[in-house]
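Subject: The structure I promised you

Hi there,

Here is the structure I said I would pass on, with the sequence alongside. Please have a look at it first, and then read my notes below.

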Amino acid sequence: MDSLALFFTGALLAGGIYWFVCVLGPAEQKGKRAVDLSGGSISAENVQDNYDQYWSFFRRPKEIETTEKVPDFVDTFYNLVTDIYEWGWGQSFHFSPSIPGKSHSEATRLHEEMAVDLINVKPGDRILDVGCGVGGPMRAIAAHSRAKVVGITINDYQVNRARTHNKKAGLDSLCEVVQGNFLEMPFPENSFDGAYSIEATCHAPKLEEVYAEIFRVLKPGSLYVSYEWVTTDKYKDSDPEHVEVIQGIERGDALPGLRNYTDIAETARKVGFEVVKEKDLAKPPAQPWWTRLKMGRIAYWRNHIVVTVLSAVGIAPKGTVDVHEMLFKTADYLTKGGDSGIFTPMHMILCRKPEKKTEAASNS
């Protein structure tokens with residue numbers, strides 16, 4: 001082979017590697033590149049140790065329901081996975097029903113816009129995003145409604161990512177991000193015109209505690225909508241396969257314990273909410289939300305190769321491969337949960353804070 005052929009062969013290989021890592025690697029919305037993967041606020045040399053600590057949590061099951069331990073556990077999880085989520089999934093860390101003729105990003109945006117439409121806010125209203133992540137839903141909702149959205153997330157790294165994205169999108173005047181625990185929110189009573197949470201309150205050790213906080217900060221007469229992760233009426237705790245799937249979802253998504261769909265409205269009423277509507281948005285005629293996971297298997301394998309190479313050469317922190325493998329396995333459990341119908345990530349509940357506090361709310 002002559003030198004010219006060698007040159008072109010080398011150039012082709014170099015171009016292929018660049019395309020594989022830097023072009024094919026970024027998430028749909030170009031939020032993160034593969035070469036920029038990190039452990040969030042965790043220093044690179046401590047990512048592996050923090051991953052090991054995360055898994056040790058599940059070897060102490062009595063602590064999973066302990067309120068004071070769960071926030072740190074969830075914070076560690078999001079330090080480990082935020083960059084991988086952004087790179088491989090996008091800036092909205094949730095699912096949505098598939099829509100024929102629409103891309104995943106379009107279906108996601110419509111799912112987010114529906115949440116704010118349900119709470120009937122007006123331009124200029126101040127609304128709360130409970131568990132905002134890096135702010136994908138917040139930006140879609142602010143652009144759609146022109147409401148002022150305040151998001152809260154426990155993870156400081158996500159706060160910085162969200163603020164960066166808000167500024168790039170030209171929405172920082174409508175979007176504010178606060179670092180904090182949604183079980184103890186730093187907001188005064190009766191200060192929001194509406195609120196929503198999209199697949200976020202599943203991280204609360206006790207749903208009653210986060211619902212009570214949302215109730216407290218909402219103005220009387222305001223609406224709150226949540227998309228909840230729950231087991232459905234098809235789930236049988238006597239079926240070992242069902243139990244394995246649900247436990248796999250819990251371990252891979254930092255959940256202190258999935259709730260049954262019957263618990264949601266009961267909890268909302270207990271803290272004082274009026275339940276306006278309740279519906280599993282994943283049920284037919286909605287198209288399956290888990291098809292994106294099935295269709296993404298090739299992308300998962302591609303990404304795993306990228307992560308392995310970047311970790312081997314020292315670009316990605318040690319432990320990144322383990323985190324990505326955990327998410328890969330969790331995707332299988334989520335798919336099985338959707339296929340079997342025993343799990344839904346979008347049990348929607350729409351609530352109203354009464355104009356006058358109910359007895360239940362006054363005594364809570």
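Helix H5 (residues 136-145) is mostly covered, with eight of its ten residues buried. Buried means under 20% relative accessible area, exposed means over 50%, and partly exposed is in between (1.4 Å probe, protein chains only). Helices (H or I, at least four residues) and strands (E, at least two) are DSSP runs, numbered from the N terminus. This is a predicted model, in which local features need pLDDT of at least 70 and side-chain atom pairs count only at pLDDT 80 or more, while totals for chains, interfaces and linings use all residues. Residues are numbered from 1 along each chain as its sequence is written, and side-chain values use heavy atoms, with hydrogens and water left out.

The buried residues of H5 are Gly 136, Pro 137, Met 138, Arg 139, Ala 140, Ile 141, Ala 142 and Ser 145. Their cover includes helix H4 (104-118), S1, S2, H6, strand S3 (175-179) and S4. After H5 comes Arg 146, with a positive phi near 60 degrees.

Ser 145 of H5 is worth a look of its own. Ser 145 counts as buried because its relative accessibility is 11%. Its side chain reaches the backbone oxygen of Ile 141 at 2.7 Å, and a polar atom of that side chain lies 3.1 Å from the backbone nitrogen of Ala 147. These are polar contacts (a pair of N or O atoms within 3.5 Å; within protein, one must be able to donate a hydrogen and the other to accept it, and residues adjacent in sequence count only if both atoms are side-chain atoms). Leaving aside residues up to four places away in sequence, Ser 145 touches Val 116, Val 121, Lys 122 and Pro 123, where contact means heavy atoms within 4.5 Å.

Now for the whole protein. It has 13 helices and eight strands, and 54% of its 364 residues count as buried. Among contacts between residues at least 6 apart in sequence, 79% join residues at least 24 apart.

A cavity is a set of points, on a 1 Å grid over the protein atoms alone, where a 1.4 Å probe fits but cannot get out, and lining residues have an atom within 4 Å of a point. Grid points are joined across faces, edges and corners, and a volume is the space filled by probe spheres set on the points. The largest cavity has a volume of about 370 Å³. It is lined by 30 residues, and those closest to its centre are Tyr 78, Gly 131, Cys 132, Ala 200 and His 203. The elements giving two or more residues to this lining are H3, strand S1 (126-130), strand S2 (148-153) and strand S4 (192-198). H3 gives the largest share, four residues. By class, the lining has 18 nonpolar, ten polar and two charged residues. Here Ala, Val, Leu, Ile, Met, Phe, Trp, Tyr, Cys and Pro count as nonpolar, Asp, Glu, Lys and Arg as charged, and the others, Gly among them, as polar.

H3 also meets another helix. The axes of helix H3 (residues 70-88) and helix H6 (residues 156-168) come within 9 Å and cross at roughly 35 degrees. Axes are lines fitted to C-alpha atoms, for helices over the stretch in contact, and angles run from 0 to 180 degrees between N-to-C directions. From H3 the contact involves Asp 75, Tyr 78, Asn 79, Thr 82, Asp 83 and Glu 86, and from H6 Asp 156, Tyr 157, Gln 158, Arg 161 and His 165. This contact has two nonpolar, four polar and five charged residues.

Lastly, a few backbone details. Most residues other than glycine have a negative phi, and most peptide bonds are trans. Asn 120, in the loop between H4 and S1, has a positive phi of about 55 degrees and counts as exposed because its relative accessibility is 57%. Ala 254 also has a positive phi, near 60 degrees, but is buried, with a relative accessible area of 0%. A cis peptide bond joins Pro 284 and Pro 285, with omega about 15 degrees.

Enjoy exploring!

Best wishes

How values were computed: On a 1 Å grid over the protein atoms alone, a cavity is a set of points where a 1.4 Å probe fits but cannot get out, and a pocket is an open set with protein on both sides within 12 Å along at least five of seven lines; lining residues have an atom within 4 Å of a point.
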